[in-house]
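I opened a notebook page for this model and listed what to look up. The entries follow in the order in which I took them.

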Amino acid sequence: MQYELINVTTDRRGIVRLELDRISKGNAYNDKLLDELNLEFDRISEDLSLRALVLVGAGKNFQCGADLRWLEEVSHNGEIENEKASVKTYEVIQKLNLLQLPTVALVQGLCAGGGTGLIAACDIVLSEKTAYFSISEVRWGLNASIILPVLNAAIGTRNVRRYGLTGERFDAFKALSLGLVHELAEPGELESRVEDVILELLKSSPSAIRATKAGIMKSTWAPDSKVRDYLVKEHASIRQSASAVEGFASFFEGRKAQWWKDSGSDN
């Protein structure tokens with residue numbers, strides 16, 4: 001299948017490489033990118049010949065979260081359309097999180113907002129030492145609710161309570177200590193390191209890996225419909241709030257948000 005914003009290749013061993021390819025926007029997701037990811041994750045989940053998925057971002061950044069221009073446009077489209085956008089985001093994270101084959105993310109540059117959700121939903125994360133991270137939604141008056149479950153599972157509620165509330169950036173060494181990434185590599189060495197990981201995965205039974213992952217996820221990840229509905233509604237409703245209006249405006253105008261000014265700090 002041909003896509004506009006993702007590139008997908010599969011090698012002879014059954015290793016799928018999925019590249020986010022929206023370089024001009026730091027691979028930020030919009031409606032089109034979410035649709036393509038949902039379609040591809042559905043395809044991957046149905047192909048039992050596949051052995052692993054490698055998720056990468058084209059250009060200098062892995063993934064910078066949501067396209068705020070798109071979110072600002074969606075915010076004017078009414079409650080139903082806002083919830084549809086949040087459902088698509090939820091489905092991408094959920095499908096990636098529950099894929100039965102092993103998933104490996106390679107991170108370079110910035111990984112922010114929904115990007116941290118993507119890597120938290122992967123089984124294995126390798127990062128360049130120069131990468132940096134941020135659960136940044138609150139900085140723009142938004143809510144990271146959709147990715148909070150996978151972040152809680154990846155780095156623990158205690159750490160999400162800090163980094164999800166401050167929105168501060170942290171480096172790859174901190175991400176390693178938190179458990180958001182598993183291993184650091186020198187810039188330019190991710191490809192060689194991921195090949196080592198793939199070779200280890202290929203030593204094991206595909207059916208045993210799928211069964212093991214399914215067991216892990218069933219015992220640790222079981223959001224019911226009420227949780228899902230809550231996350232989607234919270235994710236969608238704040239997008240239409242005064243908080244988001246000011247967050248979008250501060251981003252587009254390249255200025256500090258009003259709440260920053262109200263803090264009395266120039267730092």
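What volume does the largest pocket have? I read a volume of about 860 Å³ for the largest pocket. The model is predicted, so I kept to the limits set for it: local features need pLDDT of at least 70, side-chain atom pairs count only at pLDDT 80 or more, and totals for chains, interfaces and linings use all residues. Residues are numbered from 1 along each chain as its sequence is written, and side-chain values use heavy atoms, with hydrogens and water left out.

Entry: I worked on a 1 Å grid over the protein atoms alone, where a cavity is a set of points at which a 1.4 Å probe fits but cannot get out. A pocket is an open set with protein on both sides within 12 Å along at least five of seven lines, and lining residues have an atom within 4 Å of a point. Grid points are joined across faces, edges and corners, and a volume is the space filled by probe spheres set on the points.

Entry: largest pocket. I found 44 residues in the lining, of which Cys64, Ala66, Leu68, Ser136 and Trp140 lie nearest the centre. Elements that each supply at least two lining residues are α1, α2 (68-74), α3, β5, α4 (114-120), α11 (242-253) and α12 (258-262). Helices (H or I, at least four residues) and strands (E, at least two) are DSSP runs, numbered from the N terminus. I sorted the lining by class into 24 nonpolar, 11 polar and nine charged residues. In this scheme Ala, Val, Leu, Ile, Met, Phe, Trp, Tyr, Cys and Pro count as nonpolar, Asp, Glu, Lys and Arg as charged, and the others, Gly among them, as polar.

Entry: second largest pocket. I read about 320 Å³ of space here. Its lining has 17 residues, and Ala120, Cys122, Asp123, Ala153 and Ala154 lie nearest its centre. α4, α5 (148-155) and α9 (206-220) are the elements that give two or more residues to this lining. The classes are 12 nonpolar, four polar and one charged.

Entry: cavities. I counted one cavity of 30 Å³ or more. The largest cavity holds about 40 Å³ of space. Leu50, Arg51, Leu101, Pro102, Pro206, Ile209 and Arg210 line the largest cavity, and by class they are five nonpolar, no polar and two charged residues.

Entry: six-stranded sheet. In which order do the six strands of the open sheet stand? I noted β1-β2-β3-β4-β6-β9, with mixed pairing. Two strands pair if DSSP finds at least two bridges between them. β1 and β9 (183-185) are at the edges with a single partner strand each, so one side of each has no neighbour in the sheet. Neighbouring strands are turned by 20° against each other on average, direction ignored.

I then went through the pairs. β1 (residues 6-10) and β2 (residues 15-20) are antiparallel over five bridges; Asn7 stands opposite Glu19, and Thr9 opposite Arg17. The two strands form a hairpin with four residues between them, and Gly14 in the turn has a positive phi of about 90°. β2 and β3 (residues 52-57) run parallel, joined by six bridges, with Ile15 opposite Ala52. Three bridges join β6 (residues 124-128) to β9, also in parallel; the bridge partner of Glu128 in β9 is Ala185.

Entry: three-stranded sheet. I found a second open sheet in the order β5-β7-β8, with mixed pairing. Its edge strands, β5 (110-112) and β8 (170-171), each pair on one side only. β5 and β7 (residues 132-134) run parallel over three bridges, and Leu110 stands opposite Tyr132.

Entry: helix packing. At what angle do α1 (residues 31-46) and α3 (residues 78-98) pack? I read about 35°, with the axes 9 Å apart. Axes are lines fitted to C-alpha atoms, for helices over the stretch in contact, and angles run from 0 to 180 degrees between N-to-C directions. The contact (heavy atoms within 4.5 Å) is made by Asp31, Leu34, Asp35, Leu37, Asn38, Phe41 and Asp42 of α1 and Ala85, Lys88, Thr89, Glu91, Val92, Lys95 and Leu96 of α3. I sorted this contact into six nonpolar, two polar and six charged residues.
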